[in-house]
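Take the model shown here and go through it from the whole chain down to single residues. The paragraphs below follow that order.

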Amino acid sequence: MQTVLFHSTIFGPIHSRRLGTSLGVNLTPNDGKICSFDCLYCEAGFNAQGPGTTGFAKRESVKALLEDKLRSMKEKSERLDVITFSGNGEPTLHPDFAGIVADTIALRNFYFPDVKISVLTNSTQLHRKDVAEALAKVDNNILKLDSAVESTLRALDRPGSASFTPDYVIPQLQKFGNSAIIQTMFTRGEHKGKVIDNTTADEIDALIKAYRAINPREIMIYTIDRPTPETTLKHISKEELTCIADEIVRRTGIPVQVSA
């Protein structure tokens, strides 16, 4: 079974296709995975590998480790574009997510005031006031919407809650409006004999309707880049992604960033 990617709370810097030179913050366990989705394409593997033993990173530990790393990078004049909350699961599940974001903003302002703070979230915790308010404070609030078709969303992302559907999440995404960045993973394949493809004309139409309703400042579309736990999933070519992006821009007027 594919296992978690990150074995530390602070990792990198690494090169992100979408964000540049990124210092990662993993709030989930270093030896397991905690997520409210169980995506077929997750590079950290399926949730079945278990939550591990280390638990969520403590707020005080995250602050200390991040400060040590930022201080070291500052002293060495190393390049940094962004601090990114990502890791082995969903960062907004952390019970003190808002406090950690506040600490991160303060440290960023002191050591690297020009650096952006990004959060990659699967959008499942937007109903929590503390999470929504924290996301509104970061530079890049990157919110997942892989499909606006319920059957595809549930087959591809496999949310833990039966109530998590496009009709449920799109109104919550709308609340962020132009401060939001919507991120969509495009792929096709099958799982347990069921075909999954969010690149069809019907899928694109549904996504475009959702993008218009949300009206984010930007849309990021991308495809798989590393081995995935469901091995039938296919990488979508840059040419095809670019055609999808052109269609989205033509019909919404919203800028689209393509990563392939």
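**From the fold to single residues**

The chain has 7 helices and 10 strands; helices (H or I, at least four residues) and strands (E, at least two) are DSSP runs, numbered from the N terminus. This is a predicted model, in which local features need pLDDT of at least 70 and side-chain atom pairs count only at pLDDT 80 or more, while totals for chains, interfaces and linings use all residues. Residues are numbered from 1 along each chain as its sequence is written, and side-chain values use heavy atoms, with hydrogens and water left out.

Consider the overall dimensions. The C-alpha trace spans about 50 × 40 × 35 Å along its principal axes. For 260 residues, a compact globule would have a radius of gyration near 18 Å, and the chain agrees because its value is 18 Å. The radius is taken over C-alpha atoms, and the globule rule is 2.2 Å times the number of residues to the power 0.38. Of the 260 residues, 53% count as buried; buried means under 20% relative accessible area, exposed over 50%, and partly exposed in between, with a 1.4 Å probe and protein chains only. Contact means heavy atoms within 4.5 Å. Among contacts between residues at least 6 apart in sequence, 72% join residues at least 24 apart.

Next come the helix pairs. Helix H5 (residues 166-174) and H6 have axes that come within 8 Å and cross at roughly 35 degrees. Axes here are lines fitted to C-alpha atoms, for helices over the stretch in contact, and angles run from 0 to 180 degrees between N-to-C directions. On the H5 side, Ile 170, Leu 173 and Gln 174 meet Ala 210, Ala 213 and Ile 214 of H6. By class, this contact of H5 with H6 has 5 nonpolar residues, 1 polar and no charged ones. The classes are: Ala, Val, Leu, Ile, Met, Phe, Trp, Tyr, Cys and Pro nonpolar; Asp, Glu, Lys and Arg charged; the others, Gly among them, polar.

Helix H6 (residues 201-214) also packs with helix H7 (residues 238-252), at an angle of about 45 degrees and with the axes 10 Å apart. That angle makes H6 oblique to H7, since angles under 35 degrees count as roughly parallel, over 145 as roughly antiparallel, 65 to 115 as roughly perpendicular and the rest as oblique. H6 contributes Ile 204, Asp 205, Ile 208, Tyr 211 and Arg 212 to the contact, and H7 contributes Ile 244, Glu 247, Ile 248, Arg 251 and Thr 252. The residues of the contact of H6 with H7 divide into 5 nonpolar, 1 polar and 4 charged.

Now the backbone geometry. Most residues other than glycine have a negative phi, and most peptide bonds are trans. Gly 12 and Pro 13 are joined by a cis peptide bond, with omega about 10 degrees, and Pro 13 is placed in strand E1 (residues 10-16). Ser 123, not a glycine, has a positive phi of about 75 degrees. Ser 123 is found in the loop between strand E4 (116-121) and helix H3 (129-135), and counts as buried because its relative accessibility is 0%. Lys 192 has a positive phi near 50 degrees and lies in the loop between strand E7 (188-191) and strand E8 (194-197). At 77% relative accessibility, Lys 192 counts as exposed.
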